[in-house]
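This report describes selected features of one structural model. The headings below group backbone geometry, chain architecture, nonpolar cores and a helix contact.

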Amino acid sequence: MAMTRNELLEAIRKAVSLEFEHVPKNDSEIEHTFSLPFMKRMAKLFRKQEKAYWKYVNTAGKRVAVAILAAALLFATACSFKPIREPVIKFFTEVYETFTTCFFEGDDGKKAIEKEYVLEPVPEGFTEVSKSSDDATVVTNYENQNGARIRITQILANGVKLNLDTEKEGVRREVIEGIEVVISEFENRKQLVYTVDQYYIQVSLTGDFDDQLIRQIIRNLK
Amino acid sequence: MISLSLILAYLDDEKDKILLEDIFNTYSKQMMCLAKMYLKKEEDAEDAVATVFERIASRNFDVVRSIKNDIDLRNYLLKATKNTSLNMIKAKKKTCVSLEQIPEHRIGSKEELTDEGFLETVCRRMECEEVMKALGSLNEKYRDALYYHFVMEMTVSEVAKLMFQSVSATKQQLVRGKKMLLSLLNKEGDETSGNDKK
């Protein structure tokens with residue numbers, strides 16, 4: 001019996017796919033931790049992607065032509081662009097056999113938190129239930145009717161150290177919204193740790209949070 | 001006007017950024033797994049994977065954006081990883097493979113070889129099993145060129161970029177790939193039926 005065009009295309013697709021049958025079909029089946037230099041290279045690439053004018057300045061010649069225009073338009077447009085600046089606080093992780101340590105080094109001279117990071121807007125269904133703050137720490141709690149909880153902890157990053165127990169918890173590094181994030185998971189709890197603008201941010205999630213909601217939380221934390 | 005186009009560009013880039021991150025978080029370890037099979041050293045394999053993503057971001061994003069089928073996306077990424085890894089090995093060995101080194105089957109078919117003619121001919125006369133068998137026997141470069149062009153609907157120049165070769169070499173591979181596949185299928189038909197299918 002003759003085949004349809006789609007059947008033929010599907011046969012070609014299958015024949016090509018056979019070549020990669022031996023590669024596991026899910027990243028979760030593969031045990032590998034990317035090195036820090038690799039993750040930094042990827043984070044840099046993703047940060048470049050989020051600049052509105054990347055496609056106009058992705059060659060040296062275009063950069064010269066657009067530089068002045070971009071600077072003027074940053075003030076004129078309704079878009080918000082993240083400022084381009086080298087981090088003063090560096091975020092390191094060290095992986096040991098049974099635990100991973102995240103620590104922050106550097107000194108930006110800050111003695112108190114100057115900008116509080118809040119969820120804006122708050123994810124649907126969640127409301128702020130409590131907030132406590134002092135010069136060096138801000139902790140904000142959100143909850144929804146199902147008992148799911150979001151806790152945002154913001155600390156001056158200099159000298160902060162965090163140990164994550166990799167025997168009990170699954171620990172991995174991902175890039176979310178252009179930011180390198182260390183994620184640990186245990187039962188129904190997820191913890192995301194990263195640095196932004198010289199602050200240590202810890203997002204603790206209890207309950208059911210899918211990747212889309214996690215991305216939304218990171219994006220809306222400003 | 002300029003502000004509006006920058007805003008639109010920003011919106012496109014926001015989606016692109018999310019897409020690139022999704023792709024990274026879904027496929028990067030599979031790519032790493034494959035790269036390690038060729039390059040052995042983890043550092044080199046990471047270099048290959050990073051290079052693939054950098055190329056996607058800077059040159060091939062239009063292609064990636066247009067891929068709707070998950071299997072095609074996986075194949076595209078793994079092929080890109082394989083080609084990048086092989087190029088790294090070649091760069092170290094400083095050897096290259098030319099089209100002439102690919103063994104040719106005897107080409108006897110006089111079938112019409114435009115894209116539509118090729119697809120119609122195969123569909124009209126062949127069964128899925130015969131086609132799968134013939135595709136398995138086809139040289140990998142020809143099979144890949146046919147896949148990218150017909151299944152993923154890439155233009156010849158997009159295929160050439162992906163396979164790190166010239167447009168003319170890609171055109172030749174498509175022409176030869178079609179002829180060779182038809183030749184293999186005609187041979188299959190002869191063996192099955194004992195009759196000349198012409």
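## Backbone geometry

B:Glu153 is exposed, with a relative accessible area of 65%; buried means under 20% relative accessible area, exposed over 50% and partly exposed in between, with a 1.4 Å probe and protein chains only. B:Glu153 has a positive phi of about 55° although it is not a glycine, and it lies in the loop between α6 and α7 (156-162) of chain B. B:Phe164 likewise has a positive phi of about 55°, but is partly exposed, with a relative accessible area of 34%. The loop that holds B:Phe164 runs between α7 and α8 (167-193) of chain B.

In chain A, a cis peptide bond with omega of about 0° joins A:Glu120 and A:Pro121. A:Pro121 is found in the loop between β2 (99-105) and β3 (127-133). Most residues other than glycine have a negative phi, and most peptide bonds are trans.

## Basis of the model

This is a predicted model, in which local features need pLDDT of at least 70 and side-chain atom pairs count only at pLDDT 80 or more, while totals for chains, interfaces and linings use all residues. Residues are numbered from 1 along each chain as its sequence is written, chains are lettered from A and ligands numbered from 1 in the order in which they are written, and side-chain values use heavy atoms, leaving out hydrogens and water.

## Architecture of chain A

Chain A has four helices and ten strands; helices (H or I, at least four residues) and strands (E, at least two) are DSSP runs, numbered from the N terminus. Along the sequence, the pattern reads α-α-α-β-β-β-β-β-β-β-β-β-β-α. Of the 222 residues of chain A, 45% count as buried.

## Nonpolar cores

A nonpolar core is a set of buried Ala, Val, Leu, Ile, Met, Phe, Trp, Tyr and Cys residues joined through side-chain atoms within 4.5 Å. The largest has 71 residues, and those with the most contacts inside it are A:Met42, B:Phe53, B:Tyr76 and B:Val131. Helix α2 (residues 42-66) of chain B gives the most to this core, with eleven residues. A second, separate core of 27 residues includes A:Val138, A:Tyr194, A:Val196 and A:Ile218.

Neighbours within four places in sequence aside, B:Phe53 is in contact with residues including A:Met42, A:Leu45, B:Leu20 and B:Phe24, where contact means heavy atoms within 4.5 Å.

## Contact of α3(B) with α6(B)

B:Ile71, B:Asp72, B:Asn75, B:Lys79 and B:Lys82 in α3(B) meet B:Glu140, B:Asp144, B:Tyr147, B:Tyr148 and B:Val151 in α6(B).
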